[in-house]
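User: I would like to learn how to read ring pairs and helix packing in a model such as this one. Could you take me through them step by step?

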Amino acid sequence: MIEARHLRVLRAVAATGSFSAAGRELGCTQPAVSQQMKALETSVGTPLLVRTGREMRLTQAGEALVRHASGILAGLTAAEEEVAAIAGLRAGRVRLVSFPSGSSTLVPTALAALRAAHPGTRVSLVEAEPPESVEKLRAGDCDVALAFRYGGAAGAKEWDDLFARPLLGDRLVALVPEGHRLARAESVAIGELAGEPWIAGCPRCRGQLVEVCESAGFTPRIDFATDDYPAVVGLVGAGLGVAVLPQLAIESVRPRGARPVALEPVVRREIVALTLPDLAQVPAVAATLDELARAAVR
């Protein structure tokens, strides 16, 4: 194994022609230079220097190693500087994946603050709903996944292998047409909507809707299903049914023709920022998690 410190000593000996002169240049003793040169020759398995009078002359192997040493040491210096820049948040890259309502509410605030504080850190964004977003994280296709899950034993351990930064509890809200009989109510029990046609959202939200309705004693009649929250709001606004949406989704869309009403009993989804345990120690990733947490303060 060739060590960088040995290459620096070899280059100094080649440039100065002696161990003592190399020691003066490097700020160490002549015996220390001699010891490091012996260690280097042992590592490569061949002599690198021969003594000619009071000076040292490179062997053919020594000349070859000195020729490569400059490039190796320059590359190492560049690597050290780049790592230092990343560690100091003067550079770095974070690949973020988020579900749509998170992308339009939490992410813009977080990334704007991150750019202001650390302009050298670059963040890319793609959208995906969980569990796809979590699979991307485990596969190494992103560094941070903004995800959500609903309560219950079924999903209690699905993130145990990941570092999870809790952000907020996002309450579900009923959405009814403006002219609906419950549009002016302060809150509505889910059972009061039992006979209504329903517009359902993403698959995970759809499953939660069915679970909540069944716990209230009925199965919802889902007339429309779409992953697009503006489409859900538009369908409700047109009087085609009712829906239950997370509060973040309501914040991200202007509900024209539709009115949000507090839902009883209270149901929340847990919003978290996920990363791999080792990545949580990377400065740019840690800074991104911090800004997402600040953006989630309500």
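Analyst: Rings of Phe, Tyr and Trp pair if their centres lie within 6.5 Å, and planes over 60 degrees apart count as edge-to-face. In this predicted model, ring pairs link Phe 99, Phe 148 and Tyr 150 into a cluster.

User: How many aromatic pairs does the structure hold, and what is the geometry of the one that Phe 99 and Phe 148 form?

Analyst: The structure holds 2 aromatic pairs. In that of Phe 99 and Phe 148, the centres are 5.0 Å apart with 80° between the planes, an edge-to-face arrangement. Phe 99 belongs to the loop between β3 (93-98) and α5 (100-117), whereas Phe 148 sits in strand β5 (residues 144-150), so this pair ties together parts that are 49 residues apart in sequence. The ring centres of Phe 148 and Tyr 150 are 6.0 Å apart and their planes stand at 80°, so this pair, too, is edge-to-face.

User: Are these residues buried or exposed?

Analyst: Phe 99 is buried, with a relative accessible area of 1%, and Phe 148 is buried at 0%; Tyr 150 is buried as well.

User: How are α1 and α3 oriented to each other?

Analyst: Angles of 65 to 115 degrees count as roughly perpendicular. Helix α1 (residues 4-16) and helix α3 (residues 30-44) pack at about 115°, with their axes 9 Å apart, and they are therefore roughly perpendicular to each other. Their contact is made by residues including Val 9, Leu 10 and Val 13 of α1 and Val 33, Met 37 and Leu 40 of α3, and its residues divide into 7 nonpolar, 2 polar and 1 charged.

Key
Residues are numbered from 1 along each chain as its sequence is written. This is a predicted model: local features need pLDDT of at least 70, side-chain atom pairs count only at pLDDT 80 or more; totals for chains, interfaces and linings use all residues. Side-chain values use heavy atoms; hydrogens and water are left out. Axes are lines fitted to C-alpha atoms, for helices over the stretch in contact, and angles run from 0 to 180 degrees between N-to-C directions. Helices (H or I, at least four residues) and strands (E, at least two) are DSSP runs, numbered from the N terminus. Angles under 35 degrees count as roughly parallel, over 145 as roughly antiparallel, 65 to 115 as roughly perpendicular and the rest as oblique. Contact means heavy atoms within 4.5 Å. Ala, Val, Leu, Ile, Met, Phe, Trp, Tyr, Cys and Pro count as nonpolar, Asp, Glu, Lys and Arg as charged, and the others, Gly among them, as polar. Rings of Phe, Tyr and Trp (its six-membered ring) pair if their centres lie within 6.5 Å; planes under 30 degrees apart count as stacked, over 60 as edge-to-face and the rest as tilted. Buried means under 20% relative accessible area, exposed over 50%, partly exposed in between (1.4 Å probe, protein chains only).
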